[in-house]
Amino acid sequence: MATLHERKTYREAIMKTLYEGMEGSGLPDVSGVRLRDGLAIPEQDLAAACTYLVEEGLVTVRWAHGDTPATVMLTHQGIRLMEAEEEDHG
């Protein structure tokens with residue numbers, strides 16, 4: 001299982017990837033396989049991070065079989081959080 005620091009890093013990376021993907025491609029969701037492979041997150045840790053983000057109201061997840069989500073998408077609250085962070089970092 002991931003350390004606290006790793007878990008936080010995974011969650012931040014997922015949010016950033018979703019936000020950048022939404023802006024870049026205009027697609028509202030990202031496949032769980034792309035997140036897992038692109039961010040090199042172990043499958044169980046990806047599932048745990050996505051579950052945490054769902055519980056925080058920041059993403060929605062369409063689950064497939066196993067621990068890798070079929071798709072993950074930012075919620076309106078998640079978009080607002082990422083926009084606020086972007087404004088803070090200029």
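Colleague: What percentage of the residues in the protein chain is buried?

Modeller: The model is a predicted one. A residue counts as buried when its relative accessible area is under 20%. Of the 90 residues in the protein chain, the buried share is 34%.

Colleague: Which pattern of helices and strands does the protein chain follow along the sequence?

Modeller: The protein chain contains 4 helices and 3 strands. Read along the sequence, they give the pattern α-β-α-α-β-β-α.

Colleague: What radius of gyration does the protein chain have, and what would a compact globule have?

Modeller: The C-alpha trace spans about 35 × 30 × 25 Å along its principal axes. For 90 residues, a compact globule would have a radius of gyration near 12 Å, and the protein chain agrees with this, at 12 Å.

Colleague: Among contacts between residues at least 6 apart in sequence, what percentage joins residues at least 24 apart?

Modeller: A contact here means heavy atoms within 4.5 Å. Among the contacts between residues at least 6 apart, those that join residues at least 24 apart make up 53%.

Colleague: Which element gives the largest share of the largest nonpolar core?

Modeller: That core has 20 residues, and those with the most contacts inside it are Ile14, Met15, Leu18, Val59, Val72 and Leu74. Two or more residues come from each of α1 (4-25), α3 (43-55), β2 (59-63), β3 (69-74) and α4 (76-89). The largest share, 5 residues, comes from α1.

Colleague: Which residues does Leu18 contact, leaving aside its neighbours within four places in sequence?

Modeller: Leu18 is among the residues with the most contacts inside the largest nonpolar core. Once neighbours within four places in sequence are left aside, its contacts are Val30, Val59, Val72, Met73 and Leu74.

Colleague: Is Thr17 buried or exposed, and at what relative accessible area?

Modeller: Thr17 lies in helix α1. Beyond residues up to four places away in sequence, Thr17 touches Leu35 and Leu39. Thr17 counts as buried because its relative accessible area is 17%.

Colleague: Which residues does Asp29 touch, not counting those up to four places away in sequence?

Modeller: Asp29 belongs to strand β1 (residues 29-31). Its relative accessibility is 32%, so Asp29 counts as partly exposed. Not counting residues up to four places away in sequence, Asp29 touches Thr71, Val72 and Met73.

Colleague: What is the C-alpha to C-alpha distance between Asp29 and Thr60?

Modeller: Thr60 is found in strand β2, whereas Asp29 is in strand β1. Thr71 touches both Asp29 and Thr60. Asp29 and Thr60 are 31 residues apart in sequence, and their C-alpha to C-alpha distance is 9.1 Å.

Colleague: Which residues are in contact with Thr60, leaving aside its neighbours within four places in sequence?

Modeller: At 37% relative accessibility, Thr60 is partly exposed. With neighbours within four places in sequence left aside, Thr60 is in contact with Val54, Thr71, Val72, Met73 and Thr75.

Colleague: Is Thr75 buried or exposed, and at what relative accessible area?

Modeller: Thr75 lies in the loop between β3 and α4. Not counting residues up to four places away in sequence, Thr75 touches Gly57, Leu58, Val59 and Thr60. Thr75 is buried, since its relative accessible area is 17%.

Colleague: What is the phi of Ala40?

Modeller: Ala40 is found in the loop between α2 (32-39) and α3. A relative accessible area of 60% is the reason why Ala40 counts as exposed. Although Ala40 is not a glycine, its phi is positive, at about 55°.

Colleague: How far apart are the centres of the positive and negative side chains?

Modeller: The protein chain exposes about 5,600 Å², of which carbon and sulfur atoms supply 51%. There are 8 positive and 16 negative side chains, and the centres of the two sets are separated by 3 Å.

Definitions and conventions. Residues numbered from 1 in each chain as written. Predicted model: local features only at pLDDT ≥ 70, side-chain atom pairs only at ≥ 80, totals over all residues. Heavy atoms only, no water. Core = buried A, V, L, I, M, F, W, Y, C linked by side-chain atoms within 4.5 Å. Buried < 20%, exposed > 50% of the residue type's maximum accessible area, 1.4 Å probe, protein only. Rg over C-alpha atoms; globule rule 2.2 N^0.38 Å. Areas by Shrake-Rupley, 256 points an atom, 1.4 Å probe, with all protein chains shown as cover. Lys, Arg positive; Asp, Glu negative; His and termini not counted. Charge placed at Lys NZ, Arg CZ, Asp CG, Glu CD.
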